[in-house]
Structure formats: C-alpha cells, structure tokens
Amino acid sequence: LNVWVFAYEKSNIKLIEDETHIPLQVGAHGRDKFCKLTDDIFDNISEKNPLYSELTGLYWVWKNGPKSVYKGCEHFRRHFNLGLEEVKQILKDNEIIMPHKYVLNANSCEDFHRKFHNIEDLNLCKTIIEDIYPEYKESYEKYIQNSKILYIANSFITTEENFDKICEFLFSIF
C-alpha cells in the first residue's frame with residue numbers, strides 16, 4: 001500500500017511518512033523544496049499546478065511512482081487513517097475508497113463550478129467526454145449536471161490497476 005500525501009506548503013502540513021504514507025510536494029516547479037520527493041522531476045506537469053492543484057501530484061505518481069498492489073492519494077489536511085489490512089478488507093467488496101461525500105449548497109456540481117470557477121473549462125470537459133467517451137454522457141449528466149454530491153481533495157485509495165485507469169481517463173480529458 002502506497003498512499004501519497006500531496007502537500008503544497010511546508011507550513012500547513014504535518015509530514016506523514018511511514019511504511020504506507022509518502023509525502024509529495026506538489027506545485028514544486030520553481031519553488032523551494034521541503035519534501036524529499038517533488039512533482040517537478042522525471043515525467044511531470046508541475047508547472048500546471050496553479051490550474052490543476054493536486055492533480056499534478058496524481059500525474060506524477062501515475063508516471064513515476066513505484067508499483068504497489070494498492071495505491072492512493074490524499075490531501076495534506078485530510079487523511080483516511082487506514083492501514084493495509086483495513087484497505088484490503090474494504091476493497092474486497094468495493095472498487096475504491098473515497099472520502100466522505102460533501103453535499104453542496106448549490107443546485108448541482110455544475111452550478112457550484114459556475115459560481116467558483118470558469119464554467120467554460122467544465123463545458124470543454126463535457127464536450128471532450130462526449131467526443132472520446134460517449135458511454136459516459138449519462139454519467140456526466142447524472143453526477144455533474146444534476147447531483148449536489150461532491151468528493152473533495154482528489155483523495156482515494158484503490159488497486160493499482162484502477163488507479164491507472166482513473167489516471168488514463170482524467171489525463172486524456174485534461
């Protein structure tokens with residue numbers, strides 16, 4: 001089990017480093033380093049961190065992280081606090097471990113995005129999904145256009161196989 005802890009600034013992280021947690025500094029491109037591992041070495045998109053946030057770390061782990069049966073990532077302030085045996089038990093009957101759901105105070109995830117982000121970015125994602133993944137059109141409508149439920153901080157734990165599938169999907173769109 002490798003759980004990558006994505007950190008942006010040293011001042012707001014309690015570095016967790018044990019047999020399962022691995023700190024990774026995200027947005028390290030052109031910045032002072034405070035972690036042993038940074039997302040600006042090897043195959044990386046660190047310079048996109050102002051737009052991609054923790055996703056620069058996700059990309060780095062996907063392209064450069066060591067192989068492991070179970071792989072995950074978590075936000076520097078939000079942790080799963082699960083050990084290997086707990087992860088194995090949960091993933092026997094589930095494909096992925098996610099943080100608690102967050103119910104938005106907006107009509108939908110799309111409305112939330114419209115209020116706090118550039119809606120044209122989300123519209124472009126929808127167009128790309130409809131073009132290269134038409135089988136996900138209904139899911140997009142259900143979970144983005146019509147749902148108030150959000151899972152925040154790009155945090156999850158799953159098998160390495162599922163981790164790779166998630167990254168292939170996300171980064172083919174981005």
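How many bridges join strand 4 to strand 7, and do these strands run parallel or antiparallel? Two bridges join them, and the strands run antiparallel. The legends below describe close-up views of a predicted model.

**View 1. Strand 4 beside strand 7 in the sheet.** The pairing of strand 4 with strand 7 is antiparallel. Isoleucine 97 has isoleucine 157, in strand 7, as its bridge partner. Strand 4 (96-97) is an edge strand and pairs on one side only.

**View 2. The open sheet of five strands.** The strand order is 2-1-3-7-4, and the pairing is mixed. The edge strands are strand 2 (21-25) and strand 4 (96-97). Strands of a sheet pair through backbone hydrogen bonds, in either the parallel or the antiparallel sense. Strand 1 (residues 2-7) pairs with strand 3 (residues 70-75) in the parallel sense, over five bridges. One of the residues to look for is tryptophan 4, whose bridge partner in strand 3 is cysteine 73. Strand 3 also pairs with strand 7, over four bridges and in the antiparallel sense. Here tyrosine 70 has threonine 159 of strand 7 as its bridge partner.

**View 3. Helix 2 and helix 7 on the sheet.** Helix 2 (residues 55-64) packs on the sheet and touches strand 1, strand 2, strand 3 and strand 7 (156-159). The direction of helix 2 makes about 145° with that of strand 1. Helix 7 (residues 160-173) also packs on the sheet, where it touches strand 3, strand 4 and strand 7. The direction of helix 7 makes about 115° with that of strand 7.

**View 4. The crossing of helix 2 and helix 7.** The two axes come within 10 Å and cross at roughly 125°. Helix 2 and helix 7 are therefore oblique to each other. The crossing is left-handed. In helix 2, Leu55, Leu58, Tyr59, Val61 and Trp62 take part in the contact. They meet Phe163, Asp164, Cys167, Glu168, Leu170 and Phe171 in helix 7. By class, this contact has nine nonpolar, no polar and two charged residues.

**View 5. Leucine 82 in its loop.** Leucine 82 lies in the loop between strand 3 and helix 3 (84-93). Its relative accessibility is 17%, so leucine 82 counts as buried. Apart from its neighbours within four places in sequence, leucine 82 is in contact with Leu1, Val87, Ile90 and Ile97. Leucine 82 and isoleucine 157 are 75 residues apart along the chain, and their C-alpha atoms are separated by 9.8 Å.

How values were computed. Residues numbered from 1 in each chain as written. Predicted model: local features only at pLDDT ≥ 70, side-chain atom pairs only at ≥ 80, totals over all residues. Heavy atoms only, no water. Pairing = 2+ DSSP bridges. Contact = heavy atoms within 4.5 Å. Axes fitted to C-alpha atoms, helices over the stretch in contact; angles between N-to-C directions. Parallel < 35°, antiparallel > 145°, perpendicular 65-115°, else oblique. Left-handed = near helix turned anticlockwise from the far one by under 90°. Nonpolar A, V, L, I, M, F, W, Y, C, P; charged D, E, K, R; others polar. Buried < 20%, exposed > 50% of the residue type's maximum accessible area, 1.4 Å probe, protein only.
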